[in-house]
Amino acid sequence: MRKFQQNNLGSVVLDQQPAGYRSFKLWSVCRRKIIDTMRCGGASYRHRHTVHSPVAVKPKKSEKLSDLLKMSELLEQEEEEVKKKVEVLEQMKLAVKRLQCGGDDDVKGGATEVRRLAKDDPDARTTLGLLGAIPPLIAVLDSGDLDSRIASLYALLNLGIGNNANKAAIVKAGAVHKMLDLVNSPNKGSPNPNLCSAIVANFLGLTALDSNKPIIGSSGAVSFLVKTLRSSAEGGVNSQVIQDCLKALYNLSILPSNVASMIEIDDFVPFLLATLGDMEVSDRILLILSNLVSTPEGRKAVGSVHDSFQILVDVLSWTDSPCCQEKATYILMIMAHKSYRDRQVMIESGVTSTLLELTLLGSTLAQKRASRILEILRIDKGKQVSETFAGSIGANVSAPLYGSADSRLLGSADIPKDPEDDMLMSDETKAVKHLVQQSLNSNMRRMAKRANLPQDFVPSAHFRSLTSIATSKSLPF
């Protein structure tokens with residue numbers, strides 16, 4: 001009732017005001033309503049009925065408008081992305097259609113378009129494979145146009161990059177035998193270098209998949225890769241082809257069943273060992289040799305090559321690459337561990353002094369492997385000398401250990417050195433002492449020669465102490 005009276009009173013007062021004042025009052029109210037509406041419901045003052053309110057409350061800033069703007073921008077971006085994807089999909093469909101139904105020019109253009117679309121887009125490779133681009137591309141290899149063949153090969157190469165499903169589909173569709181027919185046909189003469197480069201690049205990509213290794217290894221691709229490697233190395237034209245051949249051969253050598261087909265190729269292993277002097281390919285060749293010596297046939301093939309161990313020892317001498325040193329020591333360690341004959345050849349090739357130097361200056365892994373080889377050679381050498389010593393005296397004698405407790409208590413100065421003391425040493429200790437001492441002397445001469453020092457150079461006390469420790473403890477340091 002009171003509110004009703006107040007409202008009536010206000011209306012009466014308003015009616016009593018002049019017309020101009022009433023218009024101004026109405027405009028003020030409408031203006032405030034409009035501003036509140038634009039501010040999404042905010043009000044300038046919280047308490048309209050409080051005339052003397054000294055503090056005005058600031059309106060809250062609404063984020064609805066900014067959210068709407070951001071959502072609009074996102075929708076526009078999504079629409080653009082969808083539009084681009086639809087355009088790319090249409091281009092893919094058109095390219096596959098040109099491969100399947102077009103003439104020679106259309107087929108070449110379709111292969112070029114597939115190559116472009118699959119170059120940098122993983123999703124496009126999957127989509128093109130699902131659209132059926134692989135079979136028509138392989139069919140292009142039977143065409144008579146060289147440019148169409150090369151375009152098709154590079155399109156297949158791009159489709160297989162990082163996509164195992166496409167790699168398996170390419171091999172399953174018969175691409176390996178078709179590629180080999182292009183280069184092994186006797187009526188076509190020597191194959192085109194660009195065609196060979198494209199085929200080698202495809203073999204490199206396809207051999208990365210484990211399920212493809214036995215198929216490609218038994219297809220005759222190894223002979224093609226070795227032949228291309230030799231011709232490229234002799235010509236020295238395209239280093240990329242050489243690298244691709246070595247990488248493909250390494251992928252194939254990972255499978256032990258492919259090693260037999262590799263070593264059956266004439267002069268393949270000697271060619272690898274002879275090419276080790278080239279720094280650009282030494283790392284790849286050592287990787288292949290590491291896989292070869294993992295099989296008995298491969299170890300036999302490497303060990304039968306003349307000066308094979310001397311070549312590997314020379315690699316340890318002239319290369320400063322830790323990777324090459326580690327791989328070369330791995331090959332020597334496997335060979336020394338598996339064959340007594342190979343251990344004898346290693347000792348005769350002077351590997352001991354090089355290994356001793358490597359235990360001081362090589363990488364951590366190379367030092368461990370060099371120490372392991374020295375340990376194998378030391379035990380083998382000790383057994384050999386033991387047998388020789390036992391045969392010379394006619395009986396096995398159990399000799400006391402060199403440097404017994406009694407001699408340490410009495411002191412070396414009080415005991416005169418007897419020439420028979422050397423005979424009382426254990427056979428293995430004498431053999432190792434002689435081997436290590438000989439190796440250290442050779443090592444000092446080599447280091448002096450490298451440093452341009454005179455032949456009568458006297459080593460430092462630190463090196464002499466290392467020599468004495470290694471000799472007394474019979475340990476390779």
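## A walking tour of the helices

Start by selecting threonine 228: a polar atom of its side chain lies 2.8 Å from the backbone oxygen of phenylalanine 224. That is a polar contact, meaning a pair of N or O atoms within 3.5 Å; within protein, one must be able to donate a hydrogen and the other to accept it, and residues adjacent in sequence count only if both atoms are side-chain atoms. Before moving on, note that this is a predicted model, in which local features need pLDDT of at least 70 and side-chain atom pairs count only at pLDDT 80 or more, while totals for chains, interfaces and linings use all residues. Residues are numbered from 1 along each chain as its sequence is written, and side-chain values use heavy atoms, with hydrogens and water left out.

**Stop 1: around threonine 228**

Threonine 228 sits in helix α12, residues 221-235. Helices here are DSSP runs (H or I, at least four residues), as are strands (E, at least two), numbered from the N terminus. Is threonine 228 buried or exposed? Threonine 228 is buried, because its relative accessible area is 9%; buried means under 20% relative accessible area, exposed over 50%, and partly exposed in between (1.4 Å probe, protein chains only). Now show its surroundings: not counting residues up to four places away in sequence, threonine 228 touches Val200, Val241 and Cys245. Contact means heavy atoms within 4.5 Å.

Next, select glutamine 240, in helix α13 (residues 239-253). Glutamine 240 counts as partly exposed because its relative accessibility is 46%. Draw a C-alpha to C-alpha distance from glutamine 240 to alanine 201: the two are 39 residues apart in sequence and 9.4 Å apart in space.

**Stop 2: the nonpolar core**

Zoom out and colour the largest nonpolar core, which has 96 residues. Such a core is a set of buried Ala, Val, Leu, Ile, Met, Phe, Trp, Tyr and Cys residues joined through side-chain atoms within 4.5 Å. Helix α19 (residues 322-338) gives the largest share of this core, eight residues. The residues with the most contacts inside the core are Leu128, Ile199, Phe203, Phe224, Leu225, Leu249 and Leu289. In soluble globular proteins, nonpolar side chains tend to be buried together.

Which residues does isoleucine 199 contact, leaving aside its neighbours within four places in sequence? They are Leu153, Met179, Leu182, Val183 and Phe224.

**Stop 3**

Select leucine 312 in helix α18. Leucine 312 is buried, since its relative accessible area is 1%. Leaving aside neighbours within four places in sequence, leucine 312 is in contact with Leu276, Leu286, Ala328, Ile331 and Leu332. From leucine 312, go to methionine 346: these residues are 34 apart in sequence and 9.9 Å apart in space, C-alpha to C-alpha.

Methionine 346 brings you to helix α20 (residues 340-348), where Asp342, Arg343, Gln344, Met346 and Ile347 are buried. At the N-terminal end of α20, look for the cap: a side-chain oxygen of serine 339 lies 3.4 Å from the backbone nitrogen of arginine 341. Just after α20, glycine 350 takes a positive phi of about 75°.

**Stop 4: asparagine 258**

Jump to helix α14 (residues 256-263) and pick asparagine 258. Asparagine 258 counts as buried because its relative accessibility is 3%. Its side chain reaches the backbone oxygen of leucine 252 at 3.0 Å. Leaving aside neighbours within four places in sequence, the contacts of asparagine 258 are Lys213, Pro214, Gly217 and Leu252.

**Stop 5: loops with positive phi**

Most residues other than glycine have a negative phi. Aspartate 267 has a phi near 60°, a positive value, and lies in the loop between α14 and α15 (268-274). Aspartate 267 counts as exposed because its relative accessibility is 54%. Then select aspartate 307, which has a positive phi of about 60° and is found in the loop between α17 (296-303) and α18 (308-318). Aspartate 307 is partly exposed, since its relative accessible area is 42%.

**Stop 6: a charge and a ring**

Show arginine 230 and phenylalanine 271: the charged end of the arginine sits over the ring, 5.7 Å from its centre. A charge sits over a ring if NZ of Lys or CZ of Arg is within 6 Å of the ring centre and within 35 degrees of the ring normal.

**Last view: the whole chain**

Buried residues make up 37% of its 477 residues. Among contacts between residues at least 6 apart in sequence, 67% join residues at least 24 apart.
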